[in-house]
Amino acid sequence: MPTRIVTLTPERRVPNQRGLQTRQKLLDATIELLATRPYRDIKVMDIAHVVGTSPATFYQYFANIEGVVLEASGFLAEESNAALGDFKDGSWSSDGMSGATRLVDAVLDGWSGHLPVMRVLTAVAAERDPRFVKAYAEATRPVIRALTAATTNGTGKGLVHALVSCLTAAAGHDSVGKVQGLTKHQRRQGLALLVHAAVSSTAA
């Protein structure tokens, strides 16, 4: 997963180069643990152990685990924007199933390096934690924009919301080989059919 070193601690101070490296290791270790364990089962001590440091060191750079996830969600939002830059005008929908397939692939490929973060955002945003609701909205905004641009005068708003929910849910197991006997390609084709049908139903 591509990440980027950030520069401020909870006290708004700038760490030295060694501190920046430690901070980045803590962030990366958190994401690695999220890939294999439930979010609420992860403790600061677990993260510190992976990095080979102490919980006290963690708290020098992050206020809590939620802060790490929310910071990582910024990378997810950036990746989503980059992946869907060519889809924002809605012209992809004029290509029918081919365009819908390209959109689904762009969304899920763009999120592929951030799946642990997307899973946590989706789950905790559903609990109405305002910080995670905002982060989820930022991560999915490029998808909403691409889908909305392909509908007529916002008449497909409800469908757009439903499609985004389907895509975020699908992202949670996109890297799995087979789910209920369906391959990754088959699951994506099912999503593309859904997108195409929804967009077609709201087209002028």
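Predicted model: local features only at pLDDT ≥ 70, side-chain atom pairs only at ≥ 80, totals over all residues.
**Overall fold**

The protein chain contains nine helices and two strands. Their order along the sequence is α-α-α-α-α-α-α-α-β-β-α. Of the 204 residues in the protein chain, 42% are buried. When contacts between residues at least 6 apart in sequence are considered, 66% of them join residues at least 24 apart.

**Helix α7**

Helix α7 covers residues 130–149. Its 20 residues should span 28 Å at 1.5 Å a residue, and because the end C-alpha atoms are 27 Å apart, the two values agree. Within α7, a kink of about 50 degrees is located at Thr 140, shortly before the proline Pro 142. Both Thr 140 and Pro 142 belong to the buried residues of α7, which also include Phe 132, Ala 135, Tyr 136, Ala 139, Val 143, Ala 146 and Leu 147. The elements that cover these buried residues include those tabulated below, together with α8.

| Element covering buried residues of α7 | Residue range |
|---|---|
| α4 | residues 65–83 |
| α5 | residues 96–111 |
| α6 | residues 115–126 |
| α9 | residues 184–202 |

**Nonpolar core**

The largest nonpolar core comprises 55 residues. Trp 92, Leu 103, Trp 111, Leu 147 and Val 195 have the most contacts inside this core. Leu 147 is also one of the buried residues of α7. Which residues does Trp 111 contact, leaving aside its neighbours within four places in sequence? Trp 111 is in contact with Ala 139, Thr 140 and Val 143, and also with Leu 76, Ser 80, Met 118, Leu 167, Thr 168 and Ala 171.

**Largest pocket**

The largest pocket has a volume of about 420 Å³. Its lining consists of 19 residues, with at least two supplied by each of α6, α7 and α8. Tyr 136, Thr 140, Ile 144, His 161 and Val 164 are the lining residues that lie nearest the centre of the pocket. Among them, Tyr 136 and Thr 140 are buried residues of α7.

**The loop at Val 176**

Val 176 is located in the loop that lies between α8 (157–171) and β1 (178–179). Is Val 176 partly exposed or buried? Val 176 is partly exposed because its relative accessible area is 36%, a value between the limits of 20% and 50%. Apart from neighbours within four places in sequence, Val 176 contacts Lys 184 and Arg 187.

Terms used:
Residues numbered from 1 in each chain as written. Heavy atoms only, no water. Helix = DSSP H or I, 4+ residues; strand = E, 2+ residues; numbered from the N terminus. Buried < 20%, exposed > 50% of the residue type's maximum accessible area, 1.4 Å probe, protein only. Contact = heavy atoms within 4.5 Å. Expected span 1.5 Å × (residues − 1). Bend = angle between axes of the 7 residues up to and from the residue. Core = buried A, V, L, I, M, F, W, Y, C linked by side-chain atoms within 4.5 Å. 1 Å grid on protein atoms, 1.4 Å probe; cavity = no way out; pocket = protein on both sides within 12 Å on 5 of 7 lines; lining within 4 Å. Points joined across faces, edges and corners; volume = space filled by probe spheres on them.
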